[in-house]
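Student: I have a structure open and would like to talk through it with you. Could we take it residue by residue and then widen the view?

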Amino acid sequence: MPPDGRQRAVIDAVSPVVDGGRFPIKRVIGDHVTVDADVFADGHDALVCTLWVRKPNGKTWSRTRMAPVGNDRYRASFVVGELGVYHYTVRAAIDPFGSLCHELARRPTDDPDLALVFQQAAAMIGGVAARASAREGRPLRAVQVLLEGEAAPADKRAALLDRALAERMGRLASHPHETVLETEFAVRVDPERARFSAWYEFFPRSVGSGRLRDAGPMLAYVASMGFDVVYLPPVSPIGECLRKGPNNTLSRNPADVGSPWAIGSARGGHKALAPELGTFADFRVFCDEAAKLGIAVALDLAFQCAPDHPYVTEHPQWFRHRPDGTIQYAENPPKKYQDIYPLDFETEDWRALWQELKGVVLFWIGEGIRIFRVDNPHTKAFPFWEWLIREVRSPYPEVLFLAEAFTRPKVMHGLAKLGFTHSYTYFTWRNTKHELTEYFTELTQGPGREYFRPHVWPNTPDILPVFLQHAPRAAFIIRLVLAATLSANYGIYGPAFELLESEPREPGSEEYRDSEKYQKRVWDLARADSLRAIITRLNTLRRAHPALQSDRNLVFHPIDNDNLIGFSKTTDDGTSTVLVVVNLDPYHRQSGWLDWPAWSHAGAEGRPVQMHDLLSDARYLWSGSRHYVELAPEQAPAHIFHPRGYVGNEHDFDYYA
């Protein structure tokens, strides 16, 4: 038998939750969390349903009465105002006083049983008043006296059906047979940058002297384009044993700088700084200059080792060994990474390995880093990541982790559930209207929206996608506009992107020719064909228009040309709307008819709307729901419209924003 068979309320289908509450949902500080639940019971009694919320590290719960929204569904909201993990749950019970009032409202005024109803209500109210404080009990006792006295039935009826009484009784009445969910659901609250950010990746060794202390002009360049996160490849010493040469060759030329992802040498491991980048004092100067420019520094976290990493000799048990006794290097056939040794997460010494890797993260946090881009997390044990992220975020709830896992969908979603703040996506390979529409609808409207925060990149040091290979300037603009508007979090690897780097190492390869992963590059940032200006414009628009700062309200709109894609974003309160139209063909002019209800932004059907193109500053008047669009790639392959309601006549350009 159940502990208490008198618990008649049933609670079901609580949302939002992830895997029945196994993992937290994700929000950023200041967000509203709206919780829904199906709540019902046998018979026709009224129910009282409450949302219980506990703040991070809190001991007590706050309660909010959930309101019915139809079909036995109840709803309430709370605001997350602190970083960390909130907990919430739902409780429900039969509401005797609510049931009495509900029945009273249906009884005729001459019902002979009204006297008994008033007597029963007086007893209920008196019981609650006896347990309440003097201040709360005083108005309850006044109603009790009214019900027990000689007042007219109409007055007693009105007093019982008063909203203030219902609110006070609902808040103070006890419910001894309350149904309590065993599960406490969680919401992970992150900083604002988790919802909205623009990242810029560059190799500091290719800038000026190559020392971090001298990278100030590069930071100023990045800040001038409106990026708020600068992401550095690993900055630890690079292995010298089996160091790769230009274009990933097995070269041993002393001048070869090697791959930053081949971490560790006689000069130190993950907790050391590559001497060619300077000292830790230089590193701190770099971070301080970035902070003054409003830029956070993100560091690559790559848990792998070069053959001459100190771990290899100090902890050989942390690596897999081949039958001949040598350590197994990384492979992804046909690719071979002779300069990298993966760690073995099935080692008997796994506890010491976990603690050491946690120490690496805490070390860099001690140097001021609060954002980590994690290299290939899908090749390390999932329980490790869940433990590590929880251990780090407990004292440092502001730390963010970006999962660089271009792998199978369920693996990517699994990593997002267990704690990664952001996740790389398949955007890099989604080019057609159908692919983009299907994929971003899944990301923003599917169940993953509660935990999977997409982070889109049109290129990375590892990936020069086919769409950009030997491509015209318009192709880069197309991918840039899509990245910056489809997703609230995006990034580029520069200066390769804005300088239109498009030559692959060989046909069929996604590797760059003369990849910066293996050699220094000299970039001419002042080139006339640079995308610097349009990147700056896009990042400025993103900051100015809140609609572009979230992913949850993305809507795609039909266009009768598969080479054109249209979509809009609108804030929850409707105060900010942006409509984007992109020509997906970088070679030809494309036109078509877009279905978009202009009157929904004009205040009344039939009134025209001024469409302000935020890229070109052109303005158009649209009416109705069907609109002609035409985009030439050699001019501008995209519109980013801000609709403005029209308040004059078609000859009077007086508009409100």
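Student: Is Ile94 buried or exposed?
Tutor: In this predicted model, Ile94 counts as buried because its relative accessibility is 18%, and the cut-off for buried is under 20%.

Student: Where does Ile94 sit, and what is it in contact with?
Tutor: Ile94 belongs to strand S8, which covers residues 84-94. Setting aside neighbours within four places in sequence, Ile94 is in contact with Arg8, Ala41, Asp45, Ala46, Leu47, Val48 and His175.

Student: How far apart are Ile94 and Leu47 in sequence and in space?
Tutor: Ile94 and Leu47 are separated by 47 residues in sequence, while their C-alpha atoms are 4.7 Å apart in space.

Student: Switching to Arg473, which helix is that in, and how accessible is Arg473?
Tutor: Arg473 is found in helix H13, and with a relative accessible area of 37% Arg473 is partly exposed, since that class lies between the 20% and 50% cut-offs.

Student: What does Arg473 touch?
Tutor: Not counting residues up to four places away in sequence, Arg473 touches Leu500, Asp529, Ser530 and Leu531. For Asp529 there is a further detail, in that its backbone oxygen lies 3.0 Å from a polar atom of the Arg473 side chain.

Student: And how far is Arg473 from His642?
Tutor: Arg473 and His642 are 169 residues apart in sequence, and from C-alpha to C-alpha they are 25 Å apart in space.

Student: Which residues is Phe440 in contact with?
Tutor: Beyond its neighbours within four places in sequence, Phe440 is in contact with Phe427, Val456, Leu486, Leu554 and Phe556.

Student: New topic: how much space lies in the largest pocket, and which residues are closest to its centre?
Tutor: The largest pocket holds about 1300 Å³ of space. Its lining is made up of 43 residues, of which Ala330, Glu331, Asn332, Tyr337 and Asn376 are the closest to the centre.

Student: How does that lining split by class, and which strands supply it?
Tutor: By class, the lining has 16 nonpolar, 11 polar and 16 charged residues. Strand S15 (330-332) and strand S16 (335-337) each supply at least two residues of the lining.

Student: To finish, what about the whole chain?
Tutor: The chain has 14 helices and 30 strands, and its C-alpha trace spans about 105 × 75 × 40 Å along the principal axes. Of its 657 residues, 55% count as buried. Among contacts between residues at least 6 apart in sequence, 75% join residues at least 24 apart.

Terms used
Residues are numbered from 1 along each chain as its sequence is written. This is a predicted model: local features need pLDDT of at least 70, side-chain atom pairs count only at pLDDT 80 or more; totals for chains, interfaces and linings use all residues. Side-chain values use heavy atoms; hydrogens and water are left out. On a 1 Å grid over the protein atoms alone, a cavity is a set of points where a 1.4 Å probe fits but cannot get out, and a pocket is an open set with protein on both sides within 12 Å along at least five of seven lines; lining residues have an atom within 4 Å of a point. Grid points are joined across faces, edges and corners, and a volume is the space filled by probe spheres set on the points. Helices (H or I, at least four residues) and strands (E, at least two) are DSSP runs, numbered from the N terminus. Ala, Val, Leu, Ile, Met, Phe, Trp, Tyr, Cys and Pro count as nonpolar, Asp, Glu, Lys and Arg as charged, and the others, Gly among them, as polar. Contact means heavy atoms within 4.5 Å. Buried means under 20% relative accessible area, exposed over 50%, partly exposed in between (1.4 Å probe, protein chains only). A polar contact is a pair of N or O atoms within 3.5 Å; within protein, one must be able to donate a hydrogen and the other to accept it, and residues adjacent in sequence count only if both atoms are side-chain atoms.
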